Amino acid sequence: MTTEPTPGSASGWDQATYRCGRCGAESTVTTEEAYLQAVGVHADAHALWDRLNPIERDGLVSILRTILSAPALGFEFLALADRQQHTGDGTQSLPDPAVPSTNTPQPDSSPSNATARATE
Ligand SMILES: [Zn+2]
């Protein structure tokens with residue numbers, strides 16, 4: 001990881017480039033907040049990658065390609081899964097212990113939860 005701060009602004013740099021020493025990925029950002037975000041997310045990605053075996057990686061990559069190409073499909077699929085689970089024992093468990101909690105969107109706000117729980 002190397003940083004290349006560019007002097008000139010009030011914060012001391014106009015932009016900074018984060019370069020990962022493990023995979024060579026580069027990310028150029030213009031604010032300190034964005035820099036910390038980029039570094040954190042990338043570190044989380046490496047941590048997740050390290051925790052999975054090759055089969056799990058292939059599976060997750062396949063899932064992510066599907067979901068990220070059609071985010072609405074991902075949300076709808078989750079909502080469908082919630083409805084299916086509520087017809088069973090009523091517990092909602094998302095079996096994704098491998099996903100770090102930080103910087104990970106949690107699509108938990110599906111309206112089907114509220115309506116299904118209201119009948120309990
Ligand atoms: Zn990397």
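Visitor: In which helix is R57 found?

Guide: This is a predicted model, in which local features need pLDDT of at least 70, side-chain atom pairs count only at pLDDT 80 or more, and totals for chains, interfaces and linings use all residues. Residues are numbered from 1 along each chain as its sequence is written. Helices (H or I, at least four residues) and strands (E, at least two) are DSSP runs, numbered from the N terminus. By that numbering, R57 belongs to helix α2.

Visitor: Is R57 buried, partly exposed or exposed?

Guide: A residue is buried if 20 or more other C-beta atoms lie within 10 Å of its own, exposed if 12 or fewer, and partly exposed in between, with C-beta atoms placed from the backbone. R57 has 13 other C-beta atoms within 10 Å, so R57 is partly exposed.

Visitor: Which residues does R57 touch, not counting residues up to four places away in sequence?

Guide: Two residues are in contact if their C-beta atoms, placed from the backbone, lie within 7 Å. With residues up to four places away in sequence left out, R57 touches W49 and L52.

Visitor: How far apart are the end C-alpha atoms of helix α2?

Guide: The expected span of a helix is 1.5 Å times one less than its number of residues. Helix α2 (residues 54-69) has 16 residues and should therefore span 22 Å. The model agrees, as the end C-alpha atoms of α2 are apart by 22 Å.

Visitor: How many of the 16 residues of α2 are buried?

Guide: Helix α2 lies largely in the open. Across the protein chain of 120 residues, buried residues make up 2%.

Visitor: In which sense do strands β1 and β2 pair?

Guide: Two strands pair if DSSP finds at least two bridges between them. Strand β1 (residues 16-19) and strand β2 (residues 26-29) have 4 bridges. A16 stands opposite V29 in β2, and T17 has T28 as its bridge partner there. The sense of the pairing is antiparallel.
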